[in-house]
Amino acid sequence: TECVSGCVCPEGLFDDGRGGCVEQKDCPCIHNNEWYSSGDKIKVDCNTCTCQKGVWKCTEDVCYGTCMIYGSGHYNTFDGKFYDFDGSCEYVATQDFCGDKNSSGSFSIITENVPCGTTGVTCSKAIKMFLGVMKTLSNRRASQLPAILEVIPDTKKFSEMTVGLYLVIEASNGVMLIWDKKTTVFIKLSPDYKGKVCGLCGNFDDKANNDFTTRSGLQDNNPLNFGNSWKQSPMCPDVTQEIQPCDLKPHRKSWAEKECSIIQSEVFKICHSKVDPLPYYEACVHDACSCDSGGDCECFCSAVAAYAQECIKAEACVFWRTPDICPIFCDYYN
């Protein structure tokens, strides 16, 4: 409609988004606000994507899905939807008993959430895994005391091992549970379960916009309505509002923001273009404000570790622990 002064690329060349002009075959691609040159490769889940003429071309391998539950009620579904839900009850994390009430399934994983701190936020205290038998992984209290593990051996159904800080339970039906014996749980499912599961971890159909499917099969936009529908006992009260612990404990806010700033700092710079740090930073501040009855540093460390874990999945390895920040005995000097 009108002339705008400035430079344009000569005919046959294209703006490369970085102040230069290139031929179409050399057009760059963008991912998480970062530019990649033609021919560059990135990893997305278990697939490799290659930049070709400004468009990503990806392999089409079917990947394992991972749901993460950590800290004070933070959920990252199999399809990558990040949300908060603070309910004090037992909830279905994921199961393949979906749809018809009489439908059959092979597994169910239940999370028991209890208040942690005085602000009303909740943490996962126990995980129950039903695989024909029941395994219960629990903490003695919501505070950071040694964990209790109830073992009902059935070697045909699952194997159990300790890997570093984590307890890993792998079932023969393609379900894996990884637990740090505190408040972080990873649930991994084989591709066979795509679109066949339900619960707080979503439906694993590669679409994040329909993850809030309630127990009755309806889609909801409100995480509170969605979360309430998956409680195990009708006697538990519904969650009616999202708790903002930093508003309730304003004296903790500046400490929380200062500590959690490591997520957005140079330490994690290599990861920022691969995994958006903002939701993890906000979750960290939320947790650091809410843990006001002991375990302050534990809550902060779990929140940073959750982001570090996502960075590792995206092939951005970050060494963030030091003798002063969330040390693990011998790790730094090893």
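**Strands, a helix and the spaces between**

Modeller: Strands S17 and S18 run antiparallel and are joined by 4 bridges, where two strands pair if DSSP finds at least two bridges between them. Helices (H or I, at least four residues) and strands (E, at least two) are DSSP runs, numbered from the N terminus. This is a predicted model, in which local features need pLDDT of at least 70 and side-chain atom pairs count only at pLDDT 80 or more, while totals for chains, interfaces and linings use all residues. Residues are numbered from 1 along each chain as its sequence is written, and side-chain values use heavy atoms, with hydrogens and water left out.

Biologist: Which residue of S18 is the bridge partner of Leu 167, and how many residues lie between S17 and S18 in their hairpin?

Modeller: Leu 167 has Trp 179 as its bridge partner in S18, and the hairpin of S17 and S18 has 3 residues between the strands, with Gly 174 in the turn at a positive phi of about 90°. S18 also pairs with S19 in the antiparallel sense, over 5 bridges, and there Val 175 is partnered by Leu 189 of S19. The hairpin of S18 and S19 has 5 residues between its strands, and Lys 181 takes a positive phi near 65°.

Biologist: Which way do the side chains of S18 point, and are they buried or exposed?

Modeller: In a regular strand the side chains alternate between the two faces of the sheet. In S18, Val 175, Leu 177 and Trp 179 point one way and Met 176 and Ile 178 the other, and all of them are buried, which is to say under 20% relative accessible area, with exposed over 50% and partly exposed in between (1.4 Å probe, protein chains only).

Biologist: How many residues of helix H5 are buried?

Modeller: Because 10 of its 13 residues are buried, H5 is largely enclosed by the rest of the structure; among the buried residues are Tyr 280, Cys 284 and His 286. H5 reaches 18 Å from its first C-alpha to its last, close to the 18 Å expected at 1.5 Å a residue, the expected span being 1.5 Å times one less than the number of residues.

Biologist: How should I read the pockets, and which residues lie nearest the centre of the largest one?

Modeller: On a 1 Å grid over the protein atoms alone, a cavity is a set of points where a 1.4 Å probe fits but cannot get out, whereas a pocket is an open set with protein on both sides within 12 Å along at least five of seven lines, and lining residues have an atom within 4 Å of a point. The largest pocket is lined by 37 residues, with Val 44, Asp 45, Gly 80, Glu 310 and Lys 313 nearest its centre. Among the elements that give two or more residues to this lining are helix H5 (278-290) and helix H6 (296-313).

Biologist: Where does the second largest pocket lie, and which element gives the most to its lining?

Modeller: The second largest pocket lies between domain 2 (65-229) and domain 3 (245-314), because both give residues to its lining; the domain bounds come from an automatic or database domain assignment. Of its 22 lining residues, the closest to the centre are Tyr 166, Ala 308, Gln 309, Ile 312 and Arg 321. H6 gives the most to this lining, with 5 residues, and strands S17 (166-171) and S19 (185-189) each supply at least two.
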